[in-house]
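Look at how the parts of this chain pack against each other.

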Amino acid sequence: MPSDIADPRTGQSWTVDVAGQAIDLPIVAIKPDFAISLMMLIDLGVRFGAHIGQALAEALAPAKPDIVVGAATLGIPVAIEVTRALGLDNYVILQKSPKLHLANALEQRISSITSKGEQRLLLDRAALPLLAGKRVVVVDDVVASGSSLRGSLELVRRAGAEVVGVGVILTEAKDWHETLGLDRDLVHGLAHIPQFTKAPNGRWEPIPGT
Ligand SMILES: Nc1ncnc2[nH]cnc12
């Protein structure tokens, strides 16, 4: 995630319990008065991956999904682990950058506040038969603004799938409620993190209501 701050490290961290496993997230400043606790899933090891896969699969299994969809980049390990834990095999990844074989992909534009400029999600047309008429769960690592997830849901529905659930490791603040509208009720999060502002004493504190 880009930061306008020369050194985004604050020296503080935020501990969150993710389905019975505590993780420590560094609090990083994005603006002079705004910070987030950053979860880099790829730094947390394969045991944590298996743990969240199992916990999300338990939450999503009652929706009886046929297949899991995850958005690049950090939705990829989530999709793999949830697929494994559900006892499924295939999964579908929505890419963010054009790959050679995606010349003719289904495309969805998303506006992101955490990455500069406009982004897009790409669905390989070869994956359409895996989705058309199927019960799909969409997974990601974190939902914050909700724009990436909203684009994923749109793309999966354009492919003819029914979205029966959404699974994320962390929900962050509440902006995503408005972005997702009624789809917010589909979201299963394993834990919640607030966002942070700098108190007069220089400490980063959770923003009330986030
Ligand atoms: N706290 C966070 N950790 C990792 N990725 C994020 N994307 C948005 N918020 C995030």
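Valine 136 touches Ile67, Val69, Leu131, Val156, Ala161, Glu162, Val163, Val164 and Gly165, leaving aside residues up to four places away in sequence; contact means heavy atoms within 4.5 Å. This is a predicted model, in which local features need pLDDT of at least 70 and side-chain atom pairs count only at pLDDT 80 or more, while totals for chains, interfaces and linings use all residues. Residues are numbered from 1 along each chain as its sequence is written, and side-chain values use heavy atoms, with hydrogens and water left out.

Val136 is also among the residues with the most contacts inside the largest nonpolar core, which has 27 residues. A nonpolar core is a set of buried Ala, Val, Leu, Ile, Met, Phe, Trp, Tyr and Cys residues joined through side-chain atoms within 4.5 Å, where buried means under 20% relative accessible area (1.4 Å probe, protein chains only). Elements giving two or more residues to this core include strand 4 (67-71), strand 8 (135-143) and helix 4 (147-158); helices (H or I, at least four residues) and strands (E, at least two) are DSSP runs, numbered from the N terminus. Helix 4 supplies the largest share, four residues. A second, separate core of 25 residues includes Val18, Ala55, Leu56 and Ile93.

Next, the helix pair. Helix 1 (residues 45-60) and helix 2 (residues 75-86) pack at an angle of about 60 degrees, and their axes are 8 Å apart. Axes are lines fitted to C-alpha atoms, for helices over the stretch in contact, and angles run from 0 to 180 degrees between N-to-C directions. Residues making the contact include Gly49, Leu56 and Leu60 of helix 1 and Val78, Glu81 and Leu86 of helix 2.

How values were computed:
Buried means under 20% relative accessible area, exposed over 50%, partly exposed in between (1.4 Å probe, protein chains only).
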